[in-house]
Amino acid sequence: MSNKEIILTPSGLKKLEEELEYLKSIKRREVAERIKVAISYGDISENSEYDDAKNEQAFVEGRILTLEKMLRNAKIIDEGDVNREVVNVGCTVVLKDLEYDEDLEYTIVGSAESNPNDNKISNESPVGKAIIGKPVGSIVEVAVPEGTIKYKIISIK
């Protein structure tokens, strides 16, 4: 991961800080205890519990490094300062799918927070890129593997 600026909402910042605290304070100890128990079984050269615990330790330490770097490079979006005249990170947008005549609501967030299952899409996603900076009433086209989808921006909250 480069030193790229990570855009976060205040709630996204809180989630990352909580995950980092959990990994450092609880998960590290749990994994260390698993390693200790696995070592007590004897020969570690053929000890799958030891191998599994060491792999988990590597994953946890890697995630801690990633989170620390993300937090160092974080730019927090103050939702009170977001310009609601055009789509920006931190806005909730209602789009109308012009082909299927259905409304979709998305919150635009930085890539670290995106979760399409929670209707949080990244400003770097195809839809996010297409609507950033556009005002209400704009019609945007998003290229997808099956062709192009057209959306109309209905509202910005």
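**Reading the labels on this model**

Q: What makes Glu-124 count as partly exposed?
A: In this predicted model, Glu-124 has a relative accessible area of 37%. Buried would need a value under 20%, and exposed a value over 50%. The 37% of Glu-124 falls in between, so Glu-124 is called partly exposed.

Q: How do you know that Lys-4 forms a salt bridge with Glu-124?
A: Look at the closest N and O atoms of the pair, which are 3.0 Å apart. The cut-off for a lysine nitrogen and a glutamate carboxyl oxygen is within 4 Å, so this pair qualifies. The two residues come from distant parts of the chain: Lys-4 sits in the segment before β1, whereas Glu-124 is in the loop between β5 and α3, 120 residues apart. Lys-4 is also partly exposed, at 38%.

Q: How many salt bridges does the structure hold?
A: There are 13 of them.

Q: Why can we say that the salt bridge of Glu-68 and Lys-24 ties together separate parts of the chain?
A: First the bridge: its N to O distance is 2.8 Å, and the limit is 4 Å. Now the places: Glu-68 belongs to helix α2 (residues 48-72) and Lys-24 to helix α1 (residues 10-40), so parts that lie 44 residues apart in sequence are joined. Glu-68 is partly exposed at 23%, and Lys-24 is partly exposed at 35%.

Q: Why is Lys-27 called buried?
A: Its relative accessible area is 19%. Buried means under 20%, so Lys-27 gets that label. The side chain of Lys-27 meets that of Glu-56 in a salt bridge, at 3.0 Å from N to O. Since Lys-27 lies in helix α1 and Glu-56 in helix α2, the pair ties together parts 29 residues apart in sequence. Both belong to a network of salt bridges that also links Glu-30, Arg-34 and Asp-52.

Q: How do you know whether Ser-25 is buried or exposed?
A: Ser-25, in helix α1, has a relative accessible area of 19%. That is under the 20% limit, so Ser-25 is buried. A polar atom of the Ser-25 side chain lies 2.6 Å from the backbone oxygen of Glu-21.

Q: What makes the phi of Asp-101 worth a look?
A: Phi of Asp-101 is near 50°, which is positive, in a residue other than glycine. Most residues other than glycine have a negative phi. You will find Asp-101 in the loop between β3 and β4. At 56%, Asp-101 has a relative accessible area over 50%, so the label here is exposed.

Conventions. Residues numbered from 1 in each chain as written. Predicted model: local features only at pLDDT ≥ 70, side-chain atom pairs only at ≥ 80, totals over all residues. Heavy atoms only, no water. Helix = DSSP H or I, 4+ residues; strand = E, 2+ residues; numbered from the N terminus. Buried < 20%, exposed > 50% of the residue type's maximum accessible area, 1.4 Å probe, protein only. Polar contact = N/O pair within 3.5 Å; in protein donor to acceptor, adjacent residues only side chain to side chain.
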